[in-house]
Each structure stands twice: as C-alpha cells, then as structure tokens.
Amino acid sequence: RTKKKQLSERFQASSERMKMDKSSKIIRLVASIFIAIGLWVYVINVVNPSSTTTIRNIPVELKGTEILEEEGLAIEGSGEYTVDITVRAARTDLGTVSADNFTATASVAELTMGQDYITVSVTGPKAYQIEDVRSRKIQVYVDELVKKTIPVTVSYASLPSGYEATALSIYPEEIESVIDNMEEVTESLVIEDNGLLVALIYPDI
C-alpha cells in the first residue's frame, strides 16, 4: 500500500507539473502575440506613421474610342480629362509619389449621342491606398463624327541661302473637328533641318 501511495503521489505531482508547463506555454504564446501587436502599432504610428496626400492632374485615358468612331460618333472637345486623387501611405512613401505612379482610365465604348457620364477608375502601386477620386464621374458630350480636309497655304518668311521658293500647296490628311471651322491654315516659318526645308504650321485657332 505504501508503494502504491508513493506512485500515486508521484503521478499527481507529474501531472501537476505538466499542467503548469502547458499553462506557462500558453501564457508565453499570448504574451508574444501582444508584444508583436504592440511593436506593429508602435512602428505604424511612431516610427513610420501613415498619412494622406492629394495628387492632382492625373490624365484620364479613354478606352473604346475606336468603337465610337465605328458608330460615326466622337467625344466633343479635346477629349482630354484629368482627375485628382487622395491616397494614404506611409510617410516615407508619400515623399516620392507623383501622378506618374497612377493610371486613370474610363470606357466610352457604350456611350450614345448626347450628354452622358463616364466613370473613372484609378490604379496604382499596392503601397498606396486610394481613398478618393475627384471627379470619379466626368460629364461628356457625344456627337456625330465630322471630318474635314482643308488646304494649307505656305508663305515663306525666309529661306536659307541657296534655296529658291516655288509654288507649293500642302493638303494634309483629314483634320478632326478641333479645327473644323477654320477656312485655311497659313504657315509662317520655313527652316532648314539636315538639308531639308521644314514648314512650321500655325493654325489660326
């Protein structure tokens, strides 16, 4: 009986030690997790905190313009649009960011004639969280595509030594509606470039 009692006491003591070791491991694990979270919070908020900045004039690339042209339609005006964005990132990353780091696109493939809106989508590096896009929707006007061929009259302001002016008319390929209302285009300067005469054309816009 005495031996059995001793064995029982030893077993109980061993079980208690195992329970204590297990509890100690759990405590150390929990403590490690809290320490890791604390260090992460410290780095994010003290060592390299995040902040926001506004990046302006990101050009919008229009997708699907060829589909509009197939339908005989076009966006009125120059078709050049820009957006401003607000991004969040670590302060060290914000110091070098620019509009060149982001791409803004909008589809015009499904537009019909008249007033409409296009939705702008902006993408950029993963280090930057895009919080706001202004304006995400841009108002556009779609009209019939009109093309016009106009003559360009060349007038020689000066000629390099050894060159002689002759009668010359320039008929460029189709010019879009940006200069659709112009009667003519008058060139005002001719220069020499590697042995060739180069006409600098100045439209009267």
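Me: Why is Asp 84 called buried?

Reply: Buried means under 20% relative accessible area, exposed means over 50%, and partly exposed lies in between (1.4 Å probe, protein chains only). Asp 84 has a relative accessible area of 17%, so Asp 84 counts as buried. Bear in mind that this is a predicted model, where local features need pLDDT of at least 70, side-chain atom pairs count only at pLDDT 80 or more, and totals for chains, interfaces and linings use all residues. Residues are numbered from 1 along each chain as its sequence is written, and side-chain values use heavy atoms, with hydrogens and water left out.

Me: What makes Arg 56 and Asp 84 a salt bridge?

Reply: The rule asks for a side-chain nitrogen of Lys or Arg within 4 Å of a carboxyl oxygen of Asp or Glu. The N to O distance between the side chains of Arg 56 and Asp 84 is 3.4 Å, so the pair meets the rule. Arg 56 sits in strand β1 and Asp 84 in strand β3, 28 residues apart; strands here are DSSP runs of E, at least two residues, numbered from the N terminus.

Me: Which backbone nitrogen does the side chain of Asp 84 reach?

Reply: That of Asn 57, at 2.9 Å.

Me: How do you know that Arg 88 and Glu 131 tie together separate parts of the sequence?

Reply: Their closest N and O atoms are 2.7 Å apart, which makes a salt bridge. Arg 88 lies in strand β3 and Glu 131 in strand β7 (residues 129-134), so the bridge joins parts 43 residues apart in sequence. Arg 88 is partly exposed at 30% relative accessibility, and Glu 131 is partly exposed at 39%.

Me: What makes a set of residues a nonpolar core?

Reply: The members are buried Ala, Val, Leu, Ile, Met, Phe, Trp, Tyr and Cys residues joined through side-chain atoms within 4.5 Å. The largest such core has 27 residues, and Val 60, Val 83 and Phe 102 touch the most other members. Strand β3 gives the most to this core, with five residues. In soluble globular proteins, nonpolar side chains tend to be buried together.

Me: Why is Ile 26 called partly exposed?

Reply: Ile 26 has 47% relative accessibility, so the label is partly exposed. Ile 26 also belongs to a nonpolar surface patch with Val 30 and Phe 34.

Definitions and conventions. Patches are made of residues with over 30% relative accessible area and no salt bridge: like charges are joined within 9 Å, nonpolar side chains (Val, Leu, Ile, Met, Phe, Trp, Tyr) within 5 Å. Accessible areas come from the Shrake-Rupley method with a 1.4 Å probe; for residues, only the protein chains shown count as cover. Helices (H or I, at least four residues) and strands (E, at least two) are DSSP runs, numbered from the N terminus. A polar contact is a pair of N or O atoms within 3.5 Å; within protein, one must be able to donate a hydrogen and the other to accept it, and residues adjacent in sequence count only if both atoms are side-chain atoms.
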